[in-house]
Amino acid sequence: MKKDAVAYLNTRKKGDFAAQKSEVENYCKYRFQIVEIFHDHRANATPPEKRKGFMDMLDYCAANNCPDIIIYDLAGLTRDMDAGLATLKILNDKYTVYCVNNDFFGFRDDPEQRREAIGNFVAYMERYRESARKAAPPVSKKTKKEDGRPIGRPKALNEGQVEALLTVRQAGTSISQICRMFDVSRSTVSKILADYPELKGEWKGARQEPGE
């Protein structure tokens with residue numbers, strides 16, 4: 001028996017809504033009955049809690065006791081990684097969140113274990129962000145050579161940072177977003193991903209066949 005669910009789409013380009021809506025409907029046809037679709041357009045830079053469509057969705061879920069929320073993908077929820085994790089944590093406290101694309105949490109048929117998996121992911125990322133902040137060296141003025149170039153090399157990412165980078169890449173985060181998050185160049189990211197060819201291009205994630 002299908003479960004009632006709402007869908008939330010955050011689109012950037014004209015035509016995205018129709019394409020994402022079609023994928024959501026295909027994702028849901030064996031498991032969920034979409035009762036409402038909520039939508040924000042070109043709101044990536046706006047925190048979810050300040051978006052009309054997102055807040056309307058939360059109001060609807062609370063008023064109608066709807067426990068399941070379907071989003072298009074985790075990376076598209078918001079442009080800022082910290083804001084995305086905070087939003088995912090808030091949603092996971094009350095609802096079960098499903099991703100149409102790049103879903104690596106698993107347990108699609110077990111809401112309790114799925115929420116536990118999402119909670120573990122958020123907790124891991126929060127620990128990483130906190131340790132990264134504590135380990136950050138104090139800001140100092142860059143010493144330059146006579147020709148104006150900075151002296152010395154930028155520090156490479158440590159093992160924990162590399163693991164976190166791979167995790168967010170697997171979640172569907174673009175290379176440009178990763179460069180901003182970790183303050184590294186595209187060449188640094190490319191070198192890290194060289195050992196993970198499945199993550200170098202657009203990450204498709206493991207898809208389950210309908211009815212699984």
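1. Ground rules. This is a predicted model, in which local features need pLDDT of at least 70 and side-chain atom pairs count only at pLDDT 80 or more, while totals for chains, interfaces and linings use all residues. Residues are numbered from 1 along each chain as its sequence is written, and side-chain values use heavy atoms, with hydrogens and water left out.

2. Four strands form an open sheet in the order 2-1-3-4, with parallel pairing. Strands here are DSSP runs of E with at least two residues; helices are runs of H or I with at least four; both are numbered from the N terminus. Two strands pair if DSSP finds at least two bridges between them. Strand 2 (32–41) and strand 4 are the edge strands, and each pairs on one side only. From one strand to the next, the twist averages 25 degrees.

3. Strands 1 and 2. Strand 1 (residues 3–11) runs parallel to strand 2, and nine bridges join them. Lysine 3 stands opposite phenylalanine 32 of strand 2.

4. A helix on the sheet. Helix 2 (residues 52–64) lies across strand 1, strand 2 and strand 3 (68–71). Helix 2 runs at about 150 degrees to strand 2. Axes are lines fitted to C-alpha atoms, for helices over the stretch in contact, and angles run from 0 to 180 degrees between N-to-C directions.

5. Helix 5 against helix 7. Two packed helices are described by the angle between their axes and the distance between the axes. Helix 5 (residues 159–170) and helix 7 (residues 186–193) pack at about 90 degrees, with axes 11 Å apart. They are therefore roughly perpendicular. That word covers 65 to 115 degrees; under 35 is roughly parallel, over 145 roughly antiparallel, and the rest oblique. Helix 5 brings Val162, Leu165, Leu166 and Arg169 to the contact, and helix 7 brings Val189, Ile192 and Leu193. Contact means heavy atoms within 4.5 Å. Six of these residues are nonpolar, none is polar and one is charged. The nonpolar class is Ala, Val, Leu, Ile, Met, Phe, Trp, Tyr, Cys and Pro; the charged class is Asp, Glu, Lys and Arg; the others, Gly among them, are polar.

6. Helix 6 against helix 7. The axes of helix 6 (residues 175–182) and helix 7 come within 9 Å and cross at roughly 110 degrees. Helix 6 is thus roughly perpendicular to helix 7. Ile175, Ser176, Ile178 and Cys179 of helix 6 meet Arg186, Val189 and Leu193 of helix 7. By class, this contact of helix 6 with helix 7 has five nonpolar, one polar and one charged residues.

7. Aromatic rings. The whole structure holds six aromatic pairs. One of them joins phenylalanine 104 and phenylalanine 121: edge-to-face, 5.3 Å centre to centre, 75 degrees between the planes. Rings of Phe, Tyr and Trp (its six-membered ring) pair if their centres lie within 6.5 Å; planes under 30 degrees apart are stacked, over 60 edge-to-face, and the rest tilted. Phe104, Phe105 and Phe121 form one aromatic cluster.

8. Buried or exposed? Phenylalanine 104 is partly exposed at 25% relative accessibility, while phenylalanine 121 is buried at 8%. Buried means under 20% relative accessible area, exposed over 50%, and partly exposed in between (1.4 Å probe, protein chains only).

9. Arginine 114. This residue is found in helix 4. Arginine 114 is buried, at 0% relative accessibility. Arginine 114 and threonine 96 are 18 residues apart in sequence and 7.4 Å apart in space, C-alpha to C-alpha.
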